[in-house]
Amino acid sequence: MIRNYRDLTRLEMEQVDKENTIILIPVGALEQHGNQAPLGTDDIIAEAMVEYLGRALEEAGEKDFPILAFPVIPVGLSTEHRNFCGSVTLRPDTYYHLLYDISVSLAHHGFKKLAFLVCHGGNAPIVQVLSRELRSELGISPFILSSGAFGHPDVRATVSEGNIYDFHGGEMETSMVMAVDPSLVKLETAEAGIPTAFVGNQTLKTGGSVTIGWVSEDWKTADGKPIGIGGDPSGATAEKGRIILETSAKVLVPGLREIRDWKA
Ligand SMILES: [Zn+2]
């Protein structure tokens, strides 16, 4: 189990080894995840990842691993989803400064190792810029962890055949939410999304050497209705979600060990 930063008293915090303890900061989002999955999907996954990471560390024999989990940052940079009902976004500069101020406070208390656990892809560019600035300005070591091992063969194996566009709000993310609480997912309302705006393009895609600042309306249903998700969530199950969360947590353990051993 990873201890929560917020659960410590001031006196307990005074005893923490600031030099070596990693502060794990999960950065989530509050944004649409299709018809079927909750707005807080990324936050729910972020909380679950902290729990699964704790178990993965214990299973790897790391019972007293020097790590504290910061509260999930519940809102992030979700500009691309803003036109779908319920999505909430910070502006890039607000988000940068929110994370910057938190980091400065932690550094002020002597913490040297911050590990941002990125649970929403849209947050990643800000976290990357921030981590370089923090390292340069404060002399601390900011690390970046990706929360989902979506390319791992065990994770790929959970995705239904033919579901080739699975991504935001798709089968994998929906499964992870179901692993936490199946009642939060309304699978009967699920509709698949494909990147119709880019289909047929050789070069201009949502990722690669030529790209565009995409919006989630670029992802549409087969009959052309903007749906804002990638892939087909209809095959999602709690068991698949458990496999994805477990695999993703296990994949991070070697990296966390190297962060622990990192000397600035
Ligand atoms: Zn998500």
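**Domains.** I looked up how far apart the two domains sit: the centres of domain 1 and domain 2, taken over C-alpha atoms, are separated by 24 Å. I am working with a predicted model. Domain 1 covers 3-149 + 247-261, and domain 2 covers 153-240. I then checked their contact, which takes 17 residues from domain 1 and 24 residues from domain 2. On the domain 1 side, helix α2 (residues 41-59) gives the most, with 4 residues. I sorted that side by class and found 7 nonpolar, 9 polar and 1 charged.

**Sheet.** Next I traced the strands. I found 5 of them in an open sheet with parallel pairing, in the order β1-β3-β2-β4-β5. Which strands stand at the edges? They are β1 (3-4) and β5 (141-146); each has a single partner strand, so one side of each lacks a neighbour in the sheet. I followed β1 to strand β3 (residues 67-69) and noted 2 bridges in the parallel sense. There, N4 stands opposite A69 in β3.

**Helices on the sheet.** I saw that α2 packs on the sheet and touches β2 (22-27), β3 and β4 (113-118). The direction of α2 makes about 150° with that of β2. I also looked at α7, which lies across β2, β4 and β5. Helix α7 runs at about 175° to β5.

**Helix pair.** Last, I took helix α6 (residues 171-180) with helix α7 (residues 238-261). They pack at an angle of about 100°, and their axes are 7 Å apart. The two are therefore roughly perpendicular to each other. By class, I noted 8 nonpolar, 2 polar and 2 charged residues in this contact. Among them, M172 and V177 are in α6, while I244 and L245 are in α7.

Note on methods
Residues are numbered from 1 along each chain as its sequence is written. This is a predicted model: local features need pLDDT of at least 70, side-chain atom pairs count only at pLDDT 80 or more; totals for chains, interfaces and linings use all residues. Axes are lines fitted to C-alpha atoms, for helices over the stretch in contact, and angles run from 0 to 180 degrees between N-to-C directions. Angles under 35 degrees count as roughly parallel, over 145 as roughly antiparallel, 65 to 115 as roughly perpendicular and the rest as oblique. Two residues are in contact if their C-beta atoms, placed from the backbone, lie within 7 Å. Ala, Val, Leu, Ile, Met, Phe, Trp, Tyr, Cys and Pro count as nonpolar, Asp, Glu, Lys and Arg as charged, and the others, Gly among them, as polar. Domain bounds come from an automatic or database domain assignment. Two strands pair if DSSP finds at least two bridges between them.
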